[in-house]
Amino acid sequence: MTGPVVALAGGVGGAKLALGLARPAALAPCWQRVAVGCFVAGMVLFSGSLYLLALSGVRALGMVTPLGGVLFLLGWAALAVGAWRSEH
């Protein structure tokens with residue numbers, strides 16, 4: 001149950017909320033692409049590795065999980081930088 005909650009709250013839900021609340025011209029398209037790409041890749045790596053770990057029991061998949069978390073953080077950073085640079 002933790003995997004779907006994290007995927008929804010931190011990934012898709014968070015990205016939609018952040019991009020939806022931003023003014024249409026608040027972020028340049030390049031920053032939007034970077035942010036969405038990081039969110040999607042982070043969700044696939046983070047949640048996907050946890051799902052596969054739970055289903056297969058292959059412990060080596062646990063090493064992939066932090067990479068997904070880093071991509072989530074990079075997605076949020078891309079949103080912040082894009083919003084900051086558009087204001088200045």
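Predicted model: local features only at pLDDT ≥ 70, side-chain atom pairs only at ≥ 80, totals over all residues.

Q: Which elements does the chain have, helices or strands?
A: The chain has three helices and zero strands. From the N terminus on, the order reads α-α-α.

Q: What share of the residues is buried?
A: Of the 88 residues in the chain, 25% are buried.

Q: And how much accessible surface is there?
A: About 5,600 Å² for the chain. Carbon and sulfur atoms account for 77% of that surface.

Q: Let's look at H2. How many residues does H2 have, and how far does it reach?
A: H2 has 28 residues. From its first C-alpha to its last, H2 spans 39 Å. That is close to the 40 Å expected at 1.5 Å a residue.

Q: Which residues of H2 are buried?
A: They are Ala 35, Cys 38, Phe 39, Gly 42, Phe 46, Ser 47 and Ser 49.

Q: Where is Val 40, then?
A: Val 40 sits in helix H2, which covers residues 29-56.

Q: Why does Val 40 count as partly exposed?
A: Because its relative accessible area is 44%. Partly exposed lies between the 20% limit for buried and the 50% limit for exposed.

Q: Which residues form the nonpolar patch on the surface?
A: Val 36, Val 40 and Val 44. Together they have about 230 Å² of accessible area.

Q: What follows H2?
A: Gly 57 does. Its phi is positive, near 80°.

Q: How far is Ala 28 from Arg 85?
A: Along the chain, Ala 28 and Arg 85 are 57 residues apart. Their C-alpha atoms are separated by 9.0 Å.

Q: New topic: Trp 84. Which helix is Trp 84 in?
A: Trp 84 belongs to helix H3, residues 65-87.

Q: Is Trp 84 buried or exposed, and why?
A: Trp 84 is exposed, because its relative accessibility is 55%. The cut-off for exposed is over 50%.

Q: What about Trp 84 and Leu 27: how far apart are they?
A: In sequence, Trp 84 and Leu 27 are 57 residues apart. In space, the C-alpha to C-alpha distance is 8.8 Å.

Definitions and conventions: Residues numbered from 1 in each chain as written. Heavy atoms only, no water. Helix = DSSP H or I, 4+ residues; strand = E, 2+ residues; numbered from the N terminus. Buried < 20%, exposed > 50% of the residue type's maximum accessible area, 1.4 Å probe, protein only. Patch = residues over 30% accessible without salt bridge, like charges linked within 9 Å, V, L, I, M, F, W, Y side chains within 5 Å. Areas by Shrake-Rupley, 256 points an atom, 1.4 Å probe, with all protein chains shown as cover. Salt bridge = Lys/Arg side-chain N within 4 Å of Asp/Glu carboxyl O. Expected span 1.5 Å × (residues − 1).
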